[in-house]
There are 2 protein chains.
Amino acid sequence: MQEKLARLKEIGKELTLLAHTGSLLGWDQETYMPSSALEERGEQLALLQGIEHDKLTADEVGELLAACGVTEENPMGNADLADLDRRFLRSFARNYWNETKIPKDLIVKFAKQRSRSQAMWIEARKTDNFSKFAPELEKNLDFTKQIAEHLGYEDHIYDALLDRFEPFMKASQVKKVFAQLKTDLGKVFEKINSVEQVDDSVVHRNYPIDQQEAFGKLVLEDMGYDWDRGRLDVTAHPFTTTLGSRDVRVTTRYEENFFNSGLYSIIHEGGHGLYELGFSPEIQGNILANGTSLGIHESQSRTWENMIGRSEAFWNHYFPKLQEHFPEATKGSDANSFFKAVNKVHPSLIRVEADEVTYSLHVILRFELEMDMVSGKLDVKDLPQAWNSKMKELLGIVPESDANGVLQDIHWSMGAIGYFPTYALGNLFGAQFYRSMEKELGSIDALVEKGELKTILGWLQKNIHAPGSSLTADELTRKVTGESLNPQYFTDYLDSKYSKVYGY
Amino acid sequence: MQEKLARLKEIGKELTLLAHTGSLLGWDQETYMPSSALEERGEQLALLQGIEHDKLTADEVGELLAACGVTEENPMGNADLADLDRRFLRSFARNYWNETKIPKDLIVKFAKQRSRSQAMWIEARKTDNFSKFAPELEKNLDFTKQIAEHLGYEDHIYDALLDRFEPFMKASQVKKVFAQLKTDLGKVFEKINSVEQVDDSVVHRNYPIDQQEAFGKLVLEDMGYDWDRGRLDVTAHPFTTTLGSRDVRVTTRYEENFFNSGLYSIIHEGGHGLYELGFSPEIQGNILANGTSLGIHESQSRTWENMIGRSEAFWNHYFPKLQEHFPEATKGSDANSFFKAVNKVHPSLIRVEADEVTYSLHVILRFELEMDMVSGKLDVKDLPQAWNSKMKELLGIVPESDANGVLQDIHWSMGAIGYFPTYALGNLFGAQFYRSMEKELGSIDALVEKGELKTILGWLQKNIHAPGSSLTADELTRKVTGESLNPQYFTDYLDSKYSKVYGY
């Protein structure tokens with residue numbers, strides 16, 4: 001059996017090398033590739049994905065998994081194997097089933113539909129015409145449901161969709177957690193609305209881009225990001241990508257007259273990057289060297305971006321350095337005013353522009369609509385109406401157009417239904433981990449104020465990053481915090497922080 | 001049979017996509033990859049090469065070739081097929097045989113030996129100790145000869161080695177051509193040595209690097225290189241790499257106090273790049289979309305670099321622009337002095353630093369030594385002695401150390417025996433094509449003087465680039481010039497040019 005396991009690990013290693021090669025094709029496309037190469041780049045990526053698919057779904061893999069005692073009832077295989085090996089088997093089997101259960105023919109048809117659907121979505125958004133996108137979304141929904149049926153689920157069809165992005169989590173748990181979150185966020189939001197708005201004009205002054213880059217790099221270095229293992233480049237949409245266990249690159253975009261855009265993208269992506277660089281050596285280059293779920297991944301980016309990077313302690317430490325980089329723009333401001341400015345809360349129509357308090361409400365809205373669509377309670381044709389009334393209910397505002405409403409996100413046009421919840425789950429996981437970290441390290445604010453960000457990274461590496469996907473999100477959460485996901489920590493954190501920002 | 005051919009083309013397309021993906025891995029490694037990623041990058045490349053190997057040597061390929069009527073006696077296959085398809089078959093079969101005739105076990109052993117040998121070569125060169133490298137070179141020679149025996153040859157064992165880099169050319173032809181070249185170059189060299197040396201101090205002044213880049217880009221654009229299909233980056237050693245039929249990138253290196261280094265690397269690599277971008281649309285993305293031989297490839301880079309970029313006409317056109325970019329460095333100089341300065345001839349110990357006249361002598365020396373080694377006339381232990389006496393004979397100088405003599409090139413440590421001749425063949429092909437171009441377009445100098453470089457590119461594209469490897473080097477040469485390779489054109493060109501530079 002050890003031989004079979006060794007062979008599976010070899011295949012896993014090859015799959016990892018291929019995935020990282022694909023990431024380079026993608027990274028290059030967004031950064032340095034000449035424009036005329038786009039079409040051929042698509043062909044290169046498709047070929048590589050086809051090779052990965054064939055390697056993962058080969059008969060040999062099924063036979064090896066079976067020889068290691070893996071079954072759907074017993075995904076960790078033979079109990080005599082070492083614990084980490086059994087976790088490797090669980091992860092490998094999951095990938096294998098996800099790839100083999102869906103007929104190839106369906107995958108190909110769906111890929112074609114998605115590409116048409118994305119083109120129609122772009123058109124629909126440009127012309128603010130939902131009816132152009134509606135038939136495509138209906139088809140995407142239909143394909144998605146077929147896929148869910150192939151993947152299988154016990155309770156709710158949404159489980160199968162959610163599981164692709166947030167493995168092992170159930171819709172019922174999200175529903176329960178989001179219900180509480182909705183109520184609690186509403187209360188914080190109400191308190192903020194009852195007092196005077198903060199002045200954030202300072203972040204809209206002129207910030208020269210070369211200095212933004214220098215300042216961002218300084219913060220990344222303080223966080224423990226290492227230029228021998230990564231890079232920072234500029235792209236239209238910021239992202240993080242893993243090209244090797246010692247090669248994880250981040251990108252950002254700068255706006256000369258809006259400071260938040262560049263720095264907070266850098267810190268956010270840096271958080272993702274440090275997670276990917278922090279897997280323990282025993283799983284590096286292995287399929288366990290992956291984020292265990294998108295929610296956990298997002299917890300790392302958002303903890304760094306919001307809980308650390310938008311804290312008062314952060315600006316107490318960094319404001320003098322900010323002044324050195326931007327003597328003009330920071331004139332007349334101070335650490336406390338800057339802290340308040342980067343934390344301004346205001347309900348907006350667009351999710352990606354939302355602040356820390358209202359962001360999760362945008363996500364909850366999308367989750368509720370998705371649940372209603374997949375369970376047949378909501379027709380696609382009625383979606384704009386449902387969107388607008390939920391916006392009114394949750395955020396108190398209604399978009400003047402579908403382009404700024406139901407048509408704003410790319411996800412549904414890509415058939416990514418079940419993805420949105422992970423964004424909000426990240427906030428919740430992050431706040432819960434933060435509390436445990438504080439129990440062990442003492443005041444995190446005190447560390448941040450002294451610029452000791454690497455102490456924080458050390459804790460995160462040891463507790464959150466090292467296991468990779470050998471622990472599921474829930475196993476990790478229970479191990480680190482002693483309980484399953486609990487939204488209370490996040491709302492407590494928000495309430496405490498925003499009482500300082502808004503003085504309510 | 002058309003179906004079989006279509007399937008072969010599909011496989012050829014996939015092989016091309018994989019090769020281009022491998023090129024991206026290599027390009028990134030030399031440009032932007034963080035240093036810690038090196039080892040894993042090697043694994044990614046090795047895996048991709050393994051996948052290519054398996055795809056190319058699959059039983060299916062052998063069967064498809066046979067079904068198209070391809071045999072060793074009839075490599076172009078069934079005579080009923082279209083001419084271009086038959087050329088495709090010849091090219092595909094060549095790759096297939098080269099990859100299948102050598103036992104995989106031998107390839108793996110040789111790869112390991114090469115990697116040890118390269119490490120020992122670096123060590124030997126650093127400590128100026130040939131005896132450390134000698135046993136490795138002996139092993140490389142032994143492996144190389146084994147490979148030659150597997151590949152097969154009719155006349156001389158060197159034919160099989162040369163053929164890997166300069167397909168279809170024979171050692172006897174190189175020997176004959178080089179014999180004439182040696183005599184003729186010697187005469188030109190003697191004339192130069194009989195008159196006063198030119199003053200090239202102007203190219204050793206201070207040239208700010210950002211201006212070198214701007215000037216280099218301007219020349220590349222004039223040559224017809226298109227930024228939508230390429231890029232210019234900086235690397236330790238300049239190179240050109242093809243990442244797609246519309247994505248061919250070049251690199252250079254700049255020296256602040258030596259102007260030639262940056263610009264002439266840019267023009268040289270630009271020449272390679274334009275060749276790769278010039279294949280006719282009917283073979284793009286196909287295995288025929290490749291340079292037909294290294295010699296022909298080098299003819300393109302050297303024609304642009306030397307015959308055009310180092311011409312008096314070039315500096316008549318570009319000197320005013322040079323003055324705009326470098327008002328300080330060009331002070332007191334003029335087009336004619338600059339033309340002479342970039343063409344200074346002096347015998348040097350190092351091939352890569354050699355001028356246009358002595359360069360080919362360095363190559364001839366290596367070819368003659370290689371011939372003697374593979375045919376057993378020269379023992380590896382006697383190589384330094386043989387090197388030094390040939391240096392004396394050809395260039396009139398003797399290296400004071402093996403590090404600057406027999407140990408200077410990486411090629412033998414990589415087992416690349418048979419490669420060197422292609423460097424000098426490039427000069428010869430280039431001069432011969434140039435003469436035909438002039439017959440059709442009239443004075444090339446007149447075009448260059450007016451800055452009409454794109455007219456030159458147009459002719460090269462139509463006549464040299466478009467066919468890719470559908471024509472062999474000899475077929476191409478005979479088609480374009482009406483005769484086989486003839487070194488006379490090159491020495492005539494040199495004699496005429498250097499009589500102007502040196503006024504002999």
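Colleague: Is B:Lys13 buried, partly exposed or exposed, and what is its relative accessible area?
Modeller: B:Lys13 is partly exposed, because its relative accessible area is 29%. Buried means under 20% relative accessible area, exposed over 50%, and partly exposed in between, with a 1.4 Å probe and protein chains only. This is a predicted model: local features need pLDDT of at least 70, side-chain atom pairs count only at pLDDT 80 or more, and totals for chains, interfaces and linings use all residues. Residues are numbered from 1 along each chain as its sequence is written, chains are lettered from A and ligands numbered from 1 in the order in which they are written, and side-chain values use heavy atoms, with hydrogens and water left out.

Colleague: Which residue forms a salt bridge with B:Lys13?
Modeller: A:Glu43 does, with the closest N and O atoms 2.9 Å apart. The pair joins two chains, because A:Glu43 lies in helix α2 of chain A and B:Lys13 in helix α1 of chain B. A salt bridge here is a side-chain nitrogen of Lys or Arg within 4 Å of a carboxyl oxygen of Asp or Glu. Helices (H or I, at least four residues) and strands (E, at least two) are DSSP runs, numbered from the N terminus.

Colleague: And A:Glu43, what does it count as?
Modeller: A:Glu43 counts as partly exposed, at 28% relative accessibility.

Colleague: How many salt bridges are there between chain B and chain A?
Modeller: Eight. One of the salt bridges pairs the side chains of A:Asp28 and B:Arg249, at 2.7 Å, N to O. Those two also belong to a network of salt bridges with A:Arg41 and B:Asp247. Over all chains, the search of the whole structure finds 74 salt bridges.

Colleague: How many residues of each chain are in contact?
Modeller: 35 residues of chain B are in contact with 35 residues of chain A. Contact means heavy atoms within 4.5 Å. Between them the chains bury about 3,000 Å², 57% of it on carbon and sulfur atoms. Buried area is the accessible area (1.4 Å probe) that two parts lose on being put together, summed over both.

Colleague: How many residue pairs are in polar contact across the interface?
Modeller: The rule finds 14 residue pairs between chain B and chain A, both residues at pLDDT 80 or more. A polar contact is a pair of N or O atoms within 3.5 Å; within protein, one must be able to donate a hydrogen and the other to accept it, and residues adjacent in sequence count only if both atoms are side-chain atoms.

Colleague: Which elements of chain B supply at least two residues of the side that touches chain A?
Modeller: α1 (2-31), α2 (38-56), β2 (240-244) and β3 (247-252) of chain B each do. The largest share, 10 residues, comes from α1(B).

Colleague: Change of topic. Where is A:Thr235?
Modeller: A:Thr235 sits in the loop between β1 (232-234) and β2 (240-244) of chain A. A:Thr235 counts as buried, at 5% relative accessibility.

Colleague: What does its side chain make a polar contact with?
Modeller: The side chain of A:Thr251, at 2.6 Å. Leaving aside neighbours within four places in sequence, A:Thr235 is in contact with residues including A:Glu30, A:Thr31 and A:Arg253.

Colleague: Now helix α11 of chain B. Is B:Ser301 buried or exposed?
Modeller: Buried, at 0% relative accessibility. B:Ser301 is found in helix α11 of chain B. Its side chain makes a polar contact with the side chain of B:His272, at 3.1 Å.

Colleague: And B:Leu294, what does it count as?
Modeller: B:Leu294 counts as partly exposed, at 27% relative accessibility. B:Leu294 also lies in helix α11, residues 294-308. Not counting residues up to four places away in sequence, B:Leu294 touches B:Phe165, B:Glu166, B:Tyr419 and B:Thr422.

Colleague: Last one. How many residues does helix α4 of chain A have?
Modeller: 18, residues 83-100. Helix α4 of chain A reaches 25 Å from its first C-alpha to its last, close to the 26 Å expected at 1.5 Å a residue. The expected span is 1.5 Å times one less than the number of residues. Buried residues of α4(A) include A:Phe88, A:Leu89 and A:Trp97. What covers the buried residues of α4(A) includes α1 (2-31) and α19 (473-481) of chain A.
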